[in-house]
Amino acid sequence: MRQSCLWSVLSALMLSSAALAQTAPPFSLQIQQGANRYTIADGGTITLPADAIGLMSAASVTLTYTGTAASVSINAVEITGHADFTTAGLPDLPASLSPRQSLNFYVRYLPTTSARVLGRVTLNYTEGRITSGVTINLVGVAPEFAFSFIPPGGNAMPLAPGGTVAFPLTALNTTATATFIITNRGSGSGTVNNITGSGAPFQLAGLPLPPVTVEAGKELRFSIQFTPTQLAAAQGVLQIELVDRRPSFRLEGSGSGPVYAYEVILPSGGMALAPGELISMPSAPVGDKSSLTVRVRNAGNADGTISAISVQGAGFSLADLPFLPLTLAPGGAASFTLSFAPTQPGRASARLRIGNDTFEVSGTGLGATLAYAYAIGDATTTVQPGGTLVFTPVAVGRTTAARFLISNTGTAPAVVNSISLGATNIPFGLTDLPALPVTIAAGATVGFTVQFAPTAIGTSTATLKIDTQSFTLSGSGEPPDPLPSYRFIAPSGPQQPMQQIAVGLALEKPYPLTLNGTLTLAFSSEVFSNDPAVQFAAGGRTVTFTIPANTTQAVFAQSATEIRLQTGTVAGLITLTPSFSTEGGINLTPSNPPALSLSVPQSAPRLLSVAISSKTSNALTLLVSGYSTSRSVTQMDFQFTPTTGENLATTKLTLNAEPSFLAWYQSSTSQQYGSLFTATVTFTLQGDVKNVTSLSDAIQSVSVTLTNRLGTSSAVAISLR
Amino acid sequence: MRGIKILLGILTALGLAAQPLRLAGPLSGFVFDSGAAGIRPILGLPGAAYVGDVVAGGLEWASVAPGGSAALAFREGALYGLGGLERLEPVWSRIEGALGKPDRAAWSADGSLAVIYSAAAGLAQLIRNPGGAPAAGEPLAIGPGATALAVDSQGRIVAGLPAGVYLFAPGEPASLLAPVEGAVAIATAGDRLWVAGAGGEILEIEDYAGRPKAFLLASVPDPVGLAVAPDGKSLFVAGRADRSVEIYDLASRTAAGRLPLAVEPAALEALSAEPLWLVRASAAGSDPLWVLKAGPEPGLWFVPVGRGE
């Protein structure tokens, strides 16, 4: 374009110079090309650029008479030069033009070649007497595109529309680049409206934004990239959209490289395998092994190198591997062994890698797998070996339970030989145990009950053992129910001395726990002296008892339901107070436990026996035994009855015994006997007898009474003969 | 203690005067407590009695005379005679020439004589005056397997042997009194003797030291002990099977009564001069003794082995 314009300018300058030498024609020339309007002088040039060979380019010419004559006659219009120029729209000639009157016509250029062509339009006129001419020079230009490409590593090659851009063999997944060239070998600029390509492995690169104007003699380059992903020949189309046509070109290329084909070989036969697919190993019992052969073959058109073969996954292994890196020529093959040795039942998976290809691998271990859970109410909780079964807190004396479940989630039957607790005398127990050993089929569940009956407040733990697996049992004991009221089964109130009475103890209603208790005897003397005889039959002043769970009766030693005690011989108050606790040591004794009170009142002395200790002719010794709960005796009275025929001067003898008894009861020795005593009284005899030979034989019997300030005892007599 | 002396009589009539009054604590007897390895007194009287502390300890074996007037004790390889128990202050006298540790002993009614028996040697030996100046007699070969033993105040030994009940009188050959096998208990009173056989037969043998004459007095299932009342009028037989003590009137040789027992009797050993017998010894620390008291108000009483506070 720039060249054409320059040429037009030069032509105009030349014509202007000639006109200066002559008289300028009385005309003005208005030219319009598309939206472009301009004026040229006589001899000026109109450049007609065609978009393509065969496409017309035209310009409108308006000739206006600028002279002063009445009229001017346009006689003829001649066009000379290249035949691709023509005129059109001329009026019939000759034609007369008045001043300022115009004449229009067209100049057209229909190129048949892309070369620059010249032409001339001459208008002959007569003005007055002068006949002359107006000349317009014509220049025609047109583009013409040619195509070529430069293959990778090659030289440029011309290419006709419909031709083929052929790529050499290209390694798979690599890119080969060819350069495509559009050359404007015409005389005018041309336009490329669009360039498109198709075919997956082909990509266009370096394209300018369309439309693109290519000046005459210039070229447009862009790249065609070929990236094969497979060995098969690839095809595509490159299409270039010009103004007048749409030339297209075939794109062709082929990939090269190794292609690995995989195959799993089992005794039952082979099976093709694509990368990423799953290899299913034959199932194997836990502790055993299954194997298969994996075969890899180079089905490609180039050598292939496998640098690594590996498998990742517990229980999976490789054997018989070829030396690595392994080069496989086209058609070559290698194989190795893939093994599965499960260590636990169930499905196992792995990844097998062969070069850059990976495969999923899976296998099933055949065997039993036990899963454990426990259910409390509607809630079921899984528990792992070593885990803890946590019971709902429950009051001491009550029982809660959990259902323990053993499920075989494996693929083979399981046998449970032993279910036990790790210790005895614990607040946990097992019930509903299956008959052992028990076989649990695959998918089956067996259960048993674990009970928790706390005996103490706080957390208790124990170990549940199922064969070699251990579980911790944990339960929390809450405070037990309060103790029911209780009563003594015994007399109460005033009691006789020297009694051995039985005492029982019973709850008003059964208690759910076994209770341990102690019955404590306290003696409060009214006379400032203890009585060691006041004690239980079992000895001492405390006895233990139990009240078995869900019963009411206290049970003492030797399964007795009552315990005996002695009331002794000293006046005072005997109090029996129980205490209660659970077997776990929880004290259930009320803050003010009701007690049993027995009283031994102060009373007159009592005689227990009178015996003869010795008897001689003139002496008599009596042993008088008795007690006085007030620990006082003031007087002893002896009533003697003479033998028949004999005479006693005095038959009654009163002894002031108070000083002796006072001394006795104040002695520490007497403390061992309560108020019991044995008094030894010796009588000497004097006088005469009538019918007997010895003085002592004159006494038939003697009767004894004891007195203190509360009264006199009954008399006890003894015969002396 | 202030002495009291009152002249009661006049010149033509009998007069009495009381000597000073002496007071003491009553004892119901003594028992050998093998667990405590000693002799312990029964302080007090039945109904208000308990077993007191050991008064003679460190013993491997002991036997106490009825009433506690004397005891035999084996300690550190020697046999001792003990007196003074009634004062709770025993006096020890080593008995020279005595057999080794006895297996069994029997006492005369007055406690003045005892016989000890060694089962292994089949020997019996009289111990005279064990509570005073004890003296051991010559060992007497009565044979092994004696199951019951008795001695009277004359030193005559009656032994229940496998072949029967034999009398061993000083200076005389042994004589068979009754062919009772497995005699359980033997009791003597005067010239009469009673034997309880393992089969339940109760025999009375009159004039056992002269012309013995035996006859069946009664039959008591599983007898475990025999005792003659201090007055010699009644015989008491303890039967384990019936948990009772059968009482026989010896004058009429008829049953005179029956005392049911709350516990199973194991013996009938005289504890004192009173009609008081040990029916069952303590089997454990908290197990009381059980004593039977005869008389107008007979009864079974426990005696705590422990002690009140």
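How many residues does the contact take from chain A and from chain B? The contact takes 57 residues from chain A and 39 residues from chain B, two residues being in contact if their C-beta atoms, placed from the backbone, lie within 7 Å. This is a predicted model, in which local features need pLDDT of at least 70 and side-chain atom pairs count only at pLDDT 80 or more, while totals for chains, interfaces and linings use all residues. Residues are numbered from 1 along each chain as its sequence is written, and chains are lettered from A and ligands numbered from 1 in the order in which they are written.

On the side of chain A that touches chain B, at least two residues each come from β51 (563-566), β57 (652-656), α2 (658-666), α3 (668-671) and β58 (677-686). Helices (H or I, at least four residues) and strands (E, at least two) are DSSP runs, numbered from the N terminus. The largest share of this side, 10 residues, is supplied by β58(A).

β58(A) also pairs with strand β2 (residues 22-24) of chain B, in the antiparallel sense and over three bridges; strands pair if DSSP finds at least two bridges between them. Within β2(B), Ala24(B) is the bridge partner of Thr678(A).

Elsewhere, Leu55(A) lies in the loop between β3 (45-49) and β4 (57-65) of chain A. Leu55(A) is partly exposed because 14 other C-beta atoms lie within 10 Å, a residue being buried at 20 or more, exposed at 12 or fewer and partly exposed in between, with C-beta atoms placed from the backbone. Leaving aside neighbours within four places in sequence, Leu55(A) is in contact with Ala50(A), Val243(A) and Asp244(A).
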